[in-house]
Amino acid sequence: MRSDGEAGRVGAARDATDPGRAAARARLRRGVRRLLRTPLAGRLRRIVPVVVPVLLAIADALLVNGLEMALELGVSVVAATALLLRRRWPLLVFLVTLPGLYIGYIWFAPMIALYTLAASPAAGPVRRRCAPGPARLGVCALLLVAAHFLPYPISDFEPTAYRENTLVLIDACVTSAAPIALGLLVRTRRELASRIEDLTRSMRREDRLLAERVKATERARLAREMHDVVAHQVSLISLQAGAVQVSTEDETARNGARTIRELSVRTLEELRHMVGVLRAAGGDARVAGELAPQPDLDELPRLIEMSALDVTYEGLAAAHAGGSGAGRSRGARTVERAAFRTVQEALTNVRKHAPGARVRVRVDAVELGAPAGTDAAERAREGLRVEIRNGPPDATATGPGLPGGGHGLVGLRERAQSLGGTLEARPTSEGGFVVRAELPYGAG
């Protein structure tokens, strides 16, 4: 005869030489897996372990006692039927099955009940109080040995039948020890599986904490690099602009140097806030919220003035955007900050890709349509529509040659989507470009 390993190798060789056989085996396995995942299979998995032991115990009672012995058969059937409740009250069910063993001479019901008692988990306070300890299992084992060893009625016991009594006692001890050993084995296996699962979860949690620690370390390193490189360069720009502002007599150059210095100071301020965010331990949202800059619609005119572009601004009063300053709600401030960043990025792109182009910036408070699938009452939402439209670039203007990674519009689209809004960026028929964002209030 072939061993299981040889049979498996032969089957694999046949599958390799016969693709049709391999495909049939794969279809069979998929069909079996689908069958096991059906609701009927799930109900059968729950019912079969409860019903089958009862049927075996009833068959045992009928085979041992027959239909003529009314008392023995009745006690045995009661013991077998009690197995339906063995998982809920294992100790009580075991005690109910002992008369069936003592009077009806049945084995299956008490042995299954004793196995269930030994395998009962000790999870939870109620289970822990009712879980069988060594002393309780020992007492139950002695009760089963006594019910098996002593005859019914007790008057039939013959103390002088040493050989027969010894064999019956050995049989009773084996009948008692086997289900306890098997139940303890199953219980230990379940506990080990539970501990392995806990250890796995603990290791995953430690890996996650380690990854977060590595990220925090990397954020601190990036913060140091950003501070050392960018802050140094921007400080030099500010110093050079200050020197030009002091030394030059040209009013236009002096104003340009003043603008460069103000931009440098503002850049350093935002850099300081960003470094604080990167160094915030674990990315604490509260600390980040305190450190992060909070530009809003009130700062748009200043941003446009310092952009050095030909911009026409059609703005929105702060009162229409939910108040002013600290009086605005958190959602309104978040939306206004997103609108500010959208205009800022669009103006940067105009300087890079369309030097000399005329730009029109428009911010309106509008009623935005809700996404499909929402109730009719929620279809109208208040929000902001931000549009930055530029014409074609001036052929005589020279581009600044600024580097670009192509991530600005992607970040703006992600920001708008996170607020429940949309962002559209496309070229126009006149050779220019338009960026339009719709940002609903209340999303922040």
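Analyst: The expected span of a helix is 1.5 Å times one less than its number of residues, helices (H or I, at least four residues) and strands (E, at least two) being DSSP runs numbered from the N terminus. This is a predicted model, in which local features need pLDDT of at least 70 and side-chain atom pairs count only at pLDDT 80 or more, while totals for chains, interfaces and linings use all residues. Residues are numbered from 1 along each chain as its sequence is written, and side-chain values use heavy atoms, with hydrogens and water left out.

User: Which residues of α8 are buried?

Analyst: Buried means under 20% relative accessible area, exposed over 50%, and partly exposed in between (1.4 Å probe, protein chains only). In α8 the buried residues are L137, C140, A141, L144, V145, A147 and H148. Seen down the axis of α8, they fall within an arc of 165° and so line one face of the helix, the arc being that of the directions from the helix axis to the C-beta atoms. A135 and L142, on the other side of α8, are exposed.

User: How far apart are the closest N and O atoms of R201 and E197?

Analyst: A salt bridge is a side-chain nitrogen of Lys or Arg within 4 Å of a carboxyl oxygen of Asp or Glu. R201 and E197 form one with those atoms 3.1 Å apart, and both residues lie in helix α9 (residues 162–247), four residues apart, about one turn of the helix.
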